[in-house]
Structures are given as C-alpha cells and as structure tokens.
Amino acid sequence: MKQLEKIYEGKAKILYATDSPDLLIQYFKDEATAFDGKKKGIIQEKGILNNKISSRLFQYLEDKGIPTHFVERPSDREMVIKKLEIIPIEVVVRNIVAGSLARRMGVEEGMSLKKTILEFYYKSDPLGDPMINDYHIEAFGLAMKFEVDILKEMAIEINGYLSNFFDERGITLVDFKLEFGRHKGQILLGDEITPDGCRLWDKQTKEKMDKDRFRRGLGKIEEAYQEVCRKVLG
C-alpha cells in the first residue's frame with residue numbers, strides 16, 4: 001500500500017490517503033493538548049503507545065462482534081483504517097463521576113453511577129465540542145434517528161466489553177469518548193481508544209493512568225501510558 005497526500009491533521013493524529021480509495025493511514029503523534037488547545041505539550045512515544053493500545057482494543061472489539069475501522073498496524077505509529085464518512089457526534093460514556101460531570105453536578109470525583117450515562121457532543125473544534133442531545137441531532141441533521149439508536153446500542157455494548165477487559169487487568173474504566181462513521185452502508189467505530197480519550201484508574205489505588213495526568217500536571221505521564229500499554233497487551 002502506498003501512502004499519498006495528507007488529508008487531515010488533528011491534535012493527536014494525521015490522516016493520509018492511500019492508493020486504495022477505501023483505506024487511509026492514520027498516523028499517531030506525540031503531541032498532547034488540553035482545555036481546547038490552551039495547554040500543549042509532548043508525551044514521549046505517546047503515538048507509539050496509543051497505536052499499540054488502540055490496535056489491540058479494536059481487535060478485541062472486532063472479536064466480540066463490534067464493527068470498527070481497524071484494518072492493521074503496519075508500523076509503530078501507523079494504523080491502516082477503513083475510510084469513513086464521520087458522523088459529527090462524539091459519544092461520551094460515563095460509569096463513574098469525573099471531570100466535567102463532577103463540576104456540572106457539584107459532586108466529588110469517584111462516585112459510582114447507578115446507571116451508565118451517555119452524552120452527545122457536536123464535533124467542532126472552533127465551538128469547543130458543545131454538548132447536544134437527540135433534538136439537536138435531528139434538528140441540525142447530524143444523523144438519522146435510526147443511526148442515533150445504533151450509536152447508543154453500540155456505545156453501551158462497547159462499554160460492557162471494555163469495562164470487563166480493563167477490570168480483568170486491574171484498571172477501572174471511568175469514562176471514555178467514542179466516534180463513529182459510515183462505511184458502505186454500515187456504522188463503524190472509528191478514531192481511537194487510548195488513554196487520550198479514556199479515563200482509566202488503577203483498580204486498587206485509584207491512581208489516574210490517562211491524559212488527566214497531563215491536564216492536571218500530575219507528572220509520570222509517560223509511565224502511566226506505558227503501564228496501560230503493558231496491561232492491555234499483556
């Protein structure tokens with residue numbers, strides 16, 4: 001497969017066209033951002049670790065029957081993926097109160113929820129990815145109602161699989177972000193599943209093992225990503 005021109009560059013990844021119209025190359029960078037780009041930095045070898053973590057988790061979900069855009073990991077920083085028509089909605093799955101939910105509800109982080117919460121956010125960097133609901137999605141034509149139902153069903157199913165996967169490895173899946181896209185009439189899970197977009201806490205100590213260490217200046221960022229990678233691959 002031949003890599004062609006760059007078609008998109010985001011905060012953590014670059015997408016390249018290939019000589020196959022249905023496939024792209026997703027390149028993982030070491031750059032890290034927080035607070036809508038206000039905080040920037042480098043997490044050494046983050047791209048390599050995230051590529052390994054995400055590839056393993058996509059393969060795991062595929063084995064469980066979840067369709068994803070993952071094809072293969074040809075190198076340390078590259079992932080071959082199916083080309084998607086991205087649905088401009090981020091689905092956030094919350095199992096435990098943390099981050100913005102704690103601030104919005106005025107409660108401390110760490111409270112287990114009686115029921116998993118799904119939140120929708122409109123994918124727009126200039127607008128700061130504002131929270132939306134089913135009515136916004138329908139009114140602005142972001143997705144069809146049956147597609148939203150599929151996103152909800154897939155998100156809950158993915159949460160079940162990933163929660164079990166991490167729990168078996170001594171990690172609590174606090175919350176995480178999912179993105180989806182259309183490919184040949186099917187909705188596939190896209191983007192990545194990594195400590196960049198998941199809150200992961202050590203099951204025993206509750207120590208943070210994700211990008212919150214960068215956001216909050218907690219230190220030992222690289223060590224946390226390395227430990228997640230070791231447990232996910234192990």
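Okay, Pro 195. In this predicted model, Pro 195 is buried, with a relative accessible area of 0%. You'll find Pro 195 in the loop between E12 and strand E13, the latter being 198-202. So what does Pro 195 touch, once we set aside neighbours within four places in sequence? The contacts are Asn 50, Ile 53, Leu 200, Met 209, Asp 210, Lys 211, Tyr 225 and Val 228. One distance if you want to find your way around: from the C-alpha of Pro 195 to the C-alpha of Glu 223 is 12 Å, and those two are 28 residues apart along the chain.

Keep Tyr 225 in mind, as Lys 46 touches Tyr 225 too. Lys 46 sits in helix H1, residues 46-63. Buried or exposed, this lysine, Lys 46? Buried, with a relative accessible area of 1%. Besides Tyr 225, and again not counting residues up to four places away in sequence, Lys 46 touches Ala 12, Lys 29, Asp 30, Glu 31, Ala 32 and Asp 196.

Strand E4, residues 31-34, and strand E5, residues 39-42, pair antiparallel over four bridges. Ala 32 has Gly 41 as its bridge partner in E5. The E4 and E5 hairpin has four residues between the strands, and Phe 35 there takes a positive phi near 55°. There's another hairpin, where E1 is joined to E2 through three residues. E1 is residues 3-9, E2 is residues 13-18, and they run antiparallel with four bridges between them. If you want a pair to click on, Lys 6 stands opposite Tyr 16 in E2.

In soluble globular proteins, nonpolar side chains tend to be buried together. Here the largest nonpolar core has 50 residues, and the ones touching the most other members are Val 91, Ile 158, Leu 162, Phe 166, Leu 178 and Phe 180. Which helix gives the largest share of this core? Helix H4, residues 145-167, with eight residues. Let me zoom in on Phe 180. Leaving out residues up to four places away in sequence, Phe 180 touches Ile 86, Ile 87, Val 91, Leu 151, Met 154, Ile 158, Ile 187, Leu 188, Leu 189 and Gly 190. Val 91 and Ile 158 were in that list of core members with the most contacts, as was Phe 180.

On to charges. Side chains of opposite charge can pair when their charged atoms come close. How many salt bridges does the structure hold? It holds 29, and I'll go through three.

Asp 22 with Lys 184: the closest N and O atoms are 3.1 Å apart. Asp 22 is in the loop between E2 and strand E3 (23-28), while Lys 184 is in the loop between strand E11 (171-183) and strand E12 (186-189), so this pair ties together parts 162 residues apart in sequence. As for cover, Asp 22 counts as partly exposed at 31% relative accessibility, and Lys 184 is exposed, with a relative accessible area of 67%.

Then Asp 175 and Arg 94, whose side chains meet in a salt bridge at 3.3 Å, N to O. Asp 175 is in strand E11 and Arg 94 in strand E8, residues 85-96, so parts 81 residues apart in sequence are tied together. Here both partners, Asp 175 and Arg 94, are buried.

Third, Lys 123 and Glu 179, again a salt bridge, 3.3 Å from N to O. Lys 123 lies in the loop between strand E9 (112-122) and strand E10 (131-132), and Glu 179 lies in strand E11, so these side chains tie parts that are 56 residues apart in sequence. Lys 123 counts as partly exposed, at 30% relative accessibility, whereas Glu 179 counts as buried, at 9%.

Last stop, the surface. Where's a nonpolar patch on the surface? Look at Met 105, Val 107 and Met 111, which form one with about 280 Å² of accessible area together. Met 105 is in helix H2, residues 99-105. Why does Met 105 count as exposed? Because its relative accessibility is 57%, and the cut-off for exposed is over 50%.

Notes
Residues numbered from 1 in each chain as written. Predicted model: local features only at pLDDT ≥ 70, side-chain atom pairs only at ≥ 80, totals over all residues. Heavy atoms only, no water. Patch = residues over 30% accessible without salt bridge, like charges linked within 9 Å, V, L, I, M, F, W, Y side chains within 5 Å. Areas by Shrake-Rupley, 256 points an atom, 1.4 Å probe, with all protein chains shown as cover. Salt bridge = Lys/Arg side-chain N within 4 Å of Asp/Glu carboxyl O. Helix = DSSP H or I, 4+ residues; strand = E, 2+ residues; numbered from the N terminus. Buried < 20%, exposed > 50% of the residue type's maximum accessible area, 1.4 Å probe, protein only. Core = buried A, V, L, I, M, F, W, Y, C linked by side-chain atoms within 4.5 Å. Contact = heavy atoms within 4.5 Å. Pairing = 2+ DSSP bridges.
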